[in-house]
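Here is a short report on one protein structure. Please look at the sequence and the model before reading on.

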Amino acid sequence: MASAKERFDAFKANFAQTDWWRAMQLEREASPWHREENVAVHTNMLLSFYDDNFAGNRNDWQQLMTKVGCLFHDVGKPPSRIIKVSETRGEYRAYHGHELVSARMWIDYASGRGKQDVENILRFTPTEVSYLAFMIEHHVPFALARPEKRKALKAGMYNRFGEAGHRAWLDLLLSDQHGRISDDQATKLAAVDTWMSEWQALEFTPG
């Protein structure tokens, strides 16, 4: 039986032939949060960080969920791009709500032109496709400040696929934050560490 790595690599190779991947290769954010050459480079950085730091301690299901999440987490950036102007930054690109678009594009791919690969290579069920969309939609949760909203999100993660799914989602978050080139990255990562500590200490009521 093929390993999780072999299955993901086959899935990614097919996705890399799509116009969505080509659009990611052409999309350069050039912001204080992303200095990579383009969105595709950032995506590959996530996958490398995950393989180097998490994959060896995760089961096949977790590896596939997180790595496909990494692959699709910013697929919505090209269609979400707007051009803004400010006195401090001049003209720049913004991607408000791209995580929502990315989640819906994943659903479109999994139920459309990528359906055979999702079913035959990844062997995801419709429920797993839905859960992965939920992971992608919430891959930038750091501005969620109200405790009741944090608790609701944490309960939602656990109630779908338990601790294994929750861990897969956290691995996506951490890979996204580490797999990039940002201005003052050390300060940004310290803030993520604080958020993670608060998140782990957060108590919630399972559904």
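## Core and helix packing

Trp 169 touches Tyr 131, Met 135, His 138, His 139, Pro 141, Leu 153, Met 157, Trp 195 and Trp 199, leaving aside residues up to four places away in sequence. Contact here means heavy atoms within 4.5 Å.

The model is predicted, so local features need pLDDT of at least 70 and side-chain atom pairs count only at pLDDT 80 or more, while totals for chains, interfaces and linings use all residues. Residues are numbered from 1 along each chain as its sequence is written, and side-chain values use heavy atoms, without hydrogens and water.

Trp 169 is also among the residues with the most contacts inside the largest nonpolar core, which has 51 residues. A nonpolar core is a set of buried Ala, Val, Leu, Ile, Met, Phe, Trp, Tyr and Cys residues joined through side-chain atoms within 4.5 Å. Helices are DSSP runs (H or I, at least four residues), numbered from the N terminus.

Two helix pairs follow. Axes are lines fitted to C-alpha atoms over the stretch in contact, and angles run from 0 to 180 degrees between N-to-C directions.

| Pair | Angle | Axis distance |
|---|---|---|
| Helix 6 (residues 98-111) and helix 7 (residues 115-122) | about 80° | 5 Å |
| Helix 4 (residues 60-72) and helix 8 (residues 126-137) | about 50° | 10 Å |

Helix 6 is thus roughly perpendicular (65 to 115 degrees) to helix 7. Trp 106, Tyr 109, Ala 110 and Ser 111 of helix 6 meet Lys 115, Asp 117, Val 118 and Leu 122 of helix 7.

Helix 4 and helix 8 are oblique to each other. From helix 4, Trp 61, Met 65, Val 68, Gly 69 and Phe 72 take part, and from helix 8, Glu 128, Tyr 131, Leu 132, Met 135 and Ile 136.

## Two loop residues

Most residues other than glycine have a negative phi. Arg 123 has a positive phi of about 60°. Arg 123 lies in the loop between helix 7 and helix 8. Arg 123 is partly exposed, at 42% relative accessible area. Buried means under 20%, exposed over 50% and partly exposed in between, with a 1.4 Å probe and protein chains only. Asp 184 has a positive phi too, near 50°. Asp 184 sits in the loop between helix 9 and helix 10 (185-201).

Notes
Angles under 35 degrees count as roughly parallel, over 145 as roughly antiparallel, 65 to 115 as roughly perpendicular and the rest as oblique.
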